[in-house]
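Work through the exercises below with the sequence and the structure in view. Each task is followed by its solution.

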Amino acid sequence: MEKATVVVIGGGATGLGILRDLSMRGVKALLVEKNDLVNGASSRYHGLLHSGGRYAVKDQEAARECIIENQIMRKIGKSCVEPCGGMFTRLDIDDEAYEELWVKGCADSGIEATPITLDEAFKLEPRLSRKHVKSAYLVPDAAVDGFRMAWQLIDSSKRYGGQVKTYTEVIGFDTVNGELRGVKVRNQFTGEEYEIGCDIAVNAAGGWAGFVGKLANVEIGVQPDKGTLIAFNQRIVNHVVNRLHKSSDGDIFVPHGSITILGTSSMSVPDPEDTSTSREEVESLLKIGEETFEDLRDFRILRTFAGSRPLYIPPGGAVGRSASRGFAIVDHEQDGLKGLFTIVGGKFTTYRLMAEKMCNQICAKLNNSTPCRTAEEPLVEEVSQADKDRAKKFFPSYGTNLAATRLGVERFKKVVERLENDPESRELVCECENVTRAEVEEICKDDTSFIVNDVRRRTRIGMGTCQGNFCALRAAAVFADMGVESTAKDSLTRMKEFLQGRWKGIRPVLLGRTIRETEMTRAIYELSMAVRSLEVGVRSYNDTKSTPNSSLLIPNSKTGGESQ
Amino acid sequence: MKTADVIVIGGGLAGFMAAAVAANHGQKVTLLTYGSGSLPLMSGAIDVLGNTETPDTAIKNLPAHHPYKKIGLKNIDSATKFFCDLTSQANLPYVGRLSAQIPIVTAVGTLKHSCLVPESMDASNLVGKKKIFVASIKGLKDFYAEMLVDNLKSHFHDSNFEVAKIDLKLLGGRDITCMDAAQLLTDNEQPLANELKALNASEDDAIILPPILGIMGSFSRSVVKTQLRAEIIETTCLPPSPPGIRLQRAFIRYLQKSDVKVFENSKVVRGVVEDKKVTGVVVENAVREKIFRGKKIILATGGFYSGGIQMREFDNPVEPIFDIPVFFPTGAENWSNQQLFSDKPQGFSMTGIFTNENLNPVNEDGKILFENLHVVGANLGGCDKIFERSAGGIAIASAYKAATI
């Protein structure tokens, strides 16, 4: 039987933080994740590294934690953080009295909030509404790339012996006399079930923590709280722009590379798997966003997405926006199960601190007195200038640094070698995000790449302007060629599944130029590539399904027609 | 400024076809284009109705509001003949007829069926081939011979497949597309011919290639073909698509010969309307506005892809030039399907203008809005042309009818 001292359940930021922390303290740890890594709230969020300003009035403890972790993250995860800075703007419709409370709250929490004149604000953020914005402050917010942070956490953990198994779902716990012996898991692709022996297991399953708890017959107060976000195809803001009012929906804009993310809503949902988004949610976010940026609708929307915050609900506690963004650690020895812990709640910005506190408790149990070092040691070594210079001969210059931070020292070296030795690998698989074939080949070979989406999350293929129109075919072909998993060979299925994944986020925002992109996707794949097989002669046009229903179509009464 | 007999707005397949047919019927034609249309995106084949084995009979059974029902089978037939004559004169012969479908091989190794197919893509004779070579061209992007073979094999169990490595010395820079290769091979076919000859393929074999056989009609293909015993067949490819561009060029040459006045980069912003007639259109360029006068106006600005129909807010699609009412399905559930590649039409794709039998735009009550304005191609609503694979057929047939009315 496979064995580890600690099994960490859940491949989000918290779980990965725990894996790294334990591995660095010399504890043999293995992480299992039922899907791909950072598939829940750790990637389905703003990508905002909070200064704490958002919590300065409501929850000063959280605010203080944020500003401290914010500084640490900039240091250890340099290449994951874009230090763009943040701005809080109060609009004419917002409560003036709140501004005073907020300024005081920031001062009390140790967050530097610098007032600036409106002229300065409009100079820094030219698209801000001249009509509505009444005051502005600068704060040390930043943008953070959750995907990149995750791969770097893994690279760091692996260096210290940490192990990761993706697409491995926990299906039960093995206990003897109230003491944990192991975790039962199932491989999502092969269906194979087996047990991993361990002394301790940590339930860090985020929104799924309640389900994992049930497998051990323990009750966990976690409420999945769905937040919907919109990604725009342009960099609309230079800073993270927050509304200076009591936290509400749709009031934060975060710039990431060449895009901007607007969010979010807050809605309690029964199922953390519910990442559906609707036209109504999009409409409501746009309406609020327009108050700060009046020309918001002129920007092309790339897609919309949603994730579930795992809000911790103590017995009798509040839900939704009023629920604490704090976190809780539960030792289930109190429930009669020795060896199982649950960590729930919190937020991405403070994942490291959560992991540290969790690991302190675990190490106390294991009589391991090694101190936590995750706040001091950078996640990854930096790629050397010499390697970057080698790469620059073949990489689009804009892409070199991005790829270097994405890939890390070792993989970057391998990719550069490919580029040097195989001229054909220099072509771009994804023009939008500047991803070379060499990089895609290298990631396809990885034992965590089961479907093209796994390759997407690691390389960013398909995440840019064209949303997979061109790279879907190329990625499926390279994956079929290089992939080590048996799932790789079925290129048509992989290609369609990849495009369907993109479609999920496009559908609720299917208007404006986004429709145009979709028509292009369909023209390429349905017409030129005929991926939807018809078996001519088998299906007749008179099938009810394929007959267009004209009663669905009504004329647009908002247009004139005759009245020219 | 002289008044044209016909003003065609739009330089896609429908606009080109309308201008060509009108000119052929002795009309003085002005063609206003903006952007490159959707031809560089298309496979090269003209799909008339892809969901059926015999499009001609299936068209008869279409619902009354379908564009084909307004156009009529006779016009579809005449359009097909006109198209085949035009392309054959341009040395870009097409094969096919309305009563059957011809298979073509796609870049991913599936089979696509279409009515009118460039001769170079006709894969009817692949059945029974002893050996099928698939050319893997070193340095060419977007063509993955191994994947193609893996998928195509399932359709041809009795043939042996071989990936043939071909080196045309394309490497140097990065990213050579099929379009680049087609351009390089135009008037420089011998390196490819030599590589293919070396395969020693017999009459019983076939060679499948990406669509790189030149960009001028079928000239390059003939040069290569005469040196080989085996059949050579081109596939589709990711855009920009040489077969689509060959067709675009064939039309442009025809229009030049026919004295059609083509004004490029001419964005039509509105119409000049007098007494339910469009007497002219206003074109906006960088410096000023200009009015073009015409007796008949053909609107061929396309659907959502080309901007002939636009939608900035949900449930509010518009036709931006004449503000013609656009028919569309309301509500999120009807707007699109859960699956991108769905087993039913996509609502947003059925969005468009409704017309009478003369292709004049109509309102909800069926009332004609402009007597001398005719709507063609992807502007027409009422069917999902991608789902039913009818975009090309509707484009040429509606254009033919509008031009001959």
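**Exercise 1.** Into which domains is chain A divided?

Solution. This is a predicted model, in which local features need pLDDT of at least 70, side-chain atom pairs count only at pLDDT 80 or more, and totals for chains, interfaces and linings use all residues. Residues are numbered from 1 along each chain as its sequence is written, while chains are lettered from A and ligands numbered from 1 in the order in which they are written. Chain A has domain 1 (2-41 + 147-221 + 325-365), domain 2 (81-141 + 224-312) and domain 3 (385-525); such bounds come from an automatic or database domain assignment.

**Exercise 2.** How are helix 1 and helix 5 of chain A oriented to each other?

Solution. Helices are DSSP runs of H or I with at least four residues, and strands are runs of E with at least two, numbered from the N terminus. The axes of helix 1 (residues 13-24) and helix 5 (residues 146-159) of chain A come within 9 Å and cross at roughly 25°. Axes are lines fitted to C-alpha atoms, for helices over the stretch in contact, with angles from 0 to 180 degrees between N-to-C directions. Helix 1 and helix 5 of chain A are therefore roughly parallel (angles under 35 degrees).

**Exercise 3.** How do strand 25 of chain A and strand 17 of chain B pair?

Solution. Pairing needs at least two bridges found by DSSP. Strand 25 of chain A and strand 17 (residues 327-329) of chain B pair in the antiparallel sense over three bridges. A:Pro555 stands opposite B:Phe327.

**Exercise 4.** How many residues does each chain give to the contact of chain A with chain B?

Solution. Contact means C-beta atoms, placed from the backbone, within 7 Å. Chain A gives 63 residues and chain B gives 78 residues. Helix 15 of chain A supplies the largest share of chain A's side, 10 residues.

Key
Parallel < 35°, antiparallel > 145°, perpendicular 65-115°, else oblique. Contact = placed C-beta atoms within 7 Å.
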